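This report describes the helical packing of a single chain. The sequence and the model are shown below.

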Amino acid sequence: MSQKYDKEFKIQTVKMIQEQGKPVAQVARELGVSDNTLYRWINEFKQDPTNAFRGSGNLKIEEKTFLDMQKRIRQLEMENEILKKAMHIFAKDRNGSLRLSTNTAPSIRYRRCAGF
């Protein structure tokens, strides 16, 4: 199983290599880390020093914003479908297909059954 190193350790290691000019192989031996791991850390730090070594499950701001937008789009699409269905129901009511509000027959039957 691979060893887990925290963000601060990785940053200090990369800075030590860059600032002190120590060879990667030497630092790798001193810390007990593979050369490839150190090269990967150096590359990740060079690409984005402020967001380097986020850890698993932590997204970049752009990625999180994108996922939030996708979620909002899905939500709005669902709301739109619900509104379309409601519009069709109300359109049927206007055309006379489902005129429940003006139909008095059910209330007359109710009165007769209730003995009024």
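## Ala25 and the basis of the values

Ala25 has a relative accessible area of 30% and is therefore partly exposed, a class lying between buried (under 20% relative accessible area) and exposed (over 50%), computed with a 1.4 Å probe on protein chains only. Ala25 belongs to helix H2. Between Ala25 and Tyr39 there are 14 residues in sequence and 9.8 Å in space, C-alpha to C-alpha.

The model is predicted: local features need pLDDT of at least 70, side-chain atom pairs count only at pLDDT 80 or more, and totals for chains, interfaces and linings use all residues. Residues are numbered from 1 along each chain as its sequence is written, and side-chain values use heavy atoms, with hydrogens and water left out.

## Overall composition

The chain contains 5 helices and 0 strands, in the order α-α-α-α-α along the sequence. Helices (H or I, at least four residues) and strands (E, at least two) are DSSP runs, numbered from the N terminus. Of the 116 residues in the chain, 15% are buried. Among contacts between residues at least 6 apart in sequence, 40% join residues at least 24 apart, where contact means heavy atoms within 4.5 Å.

## Helix H1

H1 comprises 14 residues and extends 20 Å from its first C-alpha to its last, close to the 20 Å expected at 1.5 Å a residue; the expected span is 1.5 Å times one less than the number of residues. Its buried residues are Lys10, Ile11, Thr13, Val14, Met16 and Ile17, and they pack against H2 (24–31) and H3.

## Helix H2

Val24, Val27 and Ala28 are buried in H2. Viewed down the axis of H2, these buried residues fall within an arc of 100 degrees, so they line one face of the helix; the arc is that of the directions from the helix axis to the C-beta atoms. They pack against H1 and H3. Just after H2, Gly32 has a positive phi of about 75 degrees.

## Helix H3

The end C-alpha atoms of H3 are 19 Å apart, which agrees with the 18 Å that its 13 residues should span at 1.5 Å a residue. Thr37, Leu38, Trp41, Ile42 and Phe45 are the buried residues of H3. Seen down the axis of H3, they fall within an arc of 135 degrees and so line one face of the helix. The cover over these buried residues includes H1 and H2, while Asn36, Arg40, Lys46 and Gln47 are exposed on the other side of H3.

## The contact of H1 with H3

How are H1 and H3 oriented where they pack? H1 (residues 7–20) and H3 (residues 35–47) pack at an angle of about 90 degrees, with their axes 10 Å apart. Axes are lines fitted to C-alpha atoms, for helices over the stretch in contact, and angles run from 0 to 180 degrees between N-to-C directions. The two helices are therefore roughly perpendicular to each other, a term for angles of 65 to 115 degrees.

From H1, Phe9, Lys10, Ile11, Thr13, Val14, Lys15, Ile17 and Gln18 meet Leu38, Trp41, Ile42, Phe45 and Lys46 of H3. The residues of this contact divide into 8 nonpolar, 2 polar and 3 charged. Here Ala, Val, Leu, Ile, Met, Phe, Trp, Tyr, Cys and Pro count as nonpolar, Asp, Glu, Lys and Arg as charged, and the others, Gly among them, as polar.

Methods
Parallel < 35°, antiparallel > 145°, perpendicular 65-115°, else oblique.
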